[in-house]
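Q: Hello! I have a structure open on my screen and would like to learn how to read it. Could you take me through it step by step?

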Amino acid sequence: LFKSHVIHCDETPFKMTGEKEEDDPKSKDYMWVYHASGNSRGHPVYLYEYDNGSRAAVVAEKYLNGYRGVLVTDGYESYHTLSRKKPDDLKVAGCWVHNKRKVHEIVAAAGNSRSLTPGQKIAKEAENRIQAIFHTDNMYKDASAEERLANRQQSVKPLVDAYFAWVKETAARPDLDRSSALSRALN
């Protein structure tokens, strides 16, 4: 796992019966999941870390001690805290799927209504842009590593750069409610 340049990290909630508190036999616990996709030198790795159900940052910090690379995460602040402690070793990258899910939830709130609110229209634009990034990247999913890299540099990177420029511009709009789900998704 630690040989991989990129590790995907997530903490997943679940109910553990009778493990923690007797007065709350179905308390919410967390399983930390680490994943490295593998490459030509090895197989994919999935590791499930359980530390008495804790979601505390120290769990990831302890496990990732000594790792150097990129952590792809859902935005949970503990990963960013860890990255700030070790800026030369760890970089945090947001997960596209988590971001797409957040904006999709905003669009889906319209239900069967044909008209979207201004915020839902912005979320729909974000969703469309992310989908275009996915589509352009997936066109080369069966290509060689060199061809995927060339596609990402030539075709995907301009879409990603345009997305982030659009997000920064949109997030800075004075009419955007900073406490809204849309603002959180853009951030």
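A: Gladly! This is a predicted model, in which local features need pLDDT of at least 70 and side-chain atom pairs count only at pLDDT 80 or more, while totals for chains, interfaces and linings use all residues. Residues are numbered from 1 along each chain as its sequence is written, and side-chain values use heavy atoms, with hydrogens and water left out.

Q: How many helices and strands does the chain have?

A: Helices (H or I, at least four residues) and strands (E, at least two) are DSSP runs, numbered from the N terminus. Here there are six helices and five strands. Starting at the N terminus, their order is β-β-β-α-β-α-β-α-α-α-α. The C-alpha atoms fill a box of roughly 50 × 50 × 30 Å along the principal axes.

Q: What share of the residues is buried?

A: Buried means under 20% relative accessible area, exposed means over 50%, and partly exposed lies in between (1.4 Å probe, protein chains only). Of the 187 residues in this chain, 32% are buried.

Q: At what angle do helix 3 and helix 4 pack?

A: Axes are lines fitted to C-alpha atoms, for helices over the stretch in contact, and angles run from 0 to 180 degrees between N-to-C directions. Helix 3 (residues 96–108) and helix 4 (residues 118–138) pack at about 145°, and their axes are 8 Å apart. Contact means heavy atoms within 4.5 Å. Helix 3 contributes residues including Trp 96, Val 103 and Val 107, and helix 4 contributes residues including Ala 123, Ile 130 and Phe 134. For sorting such residues, Ala, Val, Leu, Ile, Met, Phe, Trp, Tyr, Cys and Pro count as nonpolar, Asp, Glu, Lys and Arg as charged, and the others, Gly among them, as polar. This contact holds 10 nonpolar, five polar and three charged residues.

Q: What covers the buried residues of helix 4?

A: The buried residues of helix 4 include Ile 122, Ala 126 and Ile 133, and also Glu 127 and Asp 137. Their cover includes helix 3, helix 5 (145–171) and helix 6 (181–186).

Q: Where in helix 5 does a kink lie?

A: The bend at a residue is the angle between axes fitted to the seven residues ending there and the seven starting there. In helix 5, a kink of about 45° lies at Val 156, shortly before the proline Pro 158. Val 156 is also one of the buried residues of helix 5, and others among them are Tyr 163 and Trp 166. The cover of those buried residues includes helix 3, helix 4 and helix 6.

Q: Now for single residues. Is Ser 83 buried or exposed?

A: Ser 83 is found in helix 2, and it counts as buried because its relative accessible area is 14%. Leaving out residues up to four places away in sequence, Ser 83 touches Leu 90, Lys 91 and Val 92.

Q: And is Met 139 buried or exposed?

A: Met 139 sits in the loop between helix 4 and helix 5. Its relative accessibility is 55%, so Met 139 counts as exposed. Between the C-alpha atoms of Met 139 and Asp 89, 50 residues apart in sequence, the distance is 32 Å.

Q: Which residue has a positive phi although it is not a glycine?

A: That is Asn 52, with a phi of about 55°. Look for Asn 52 in the loop between strand 3 (45–49) and helix 1 (57–63). Asn 52 counts as partly exposed because its relative accessibility is 46%.
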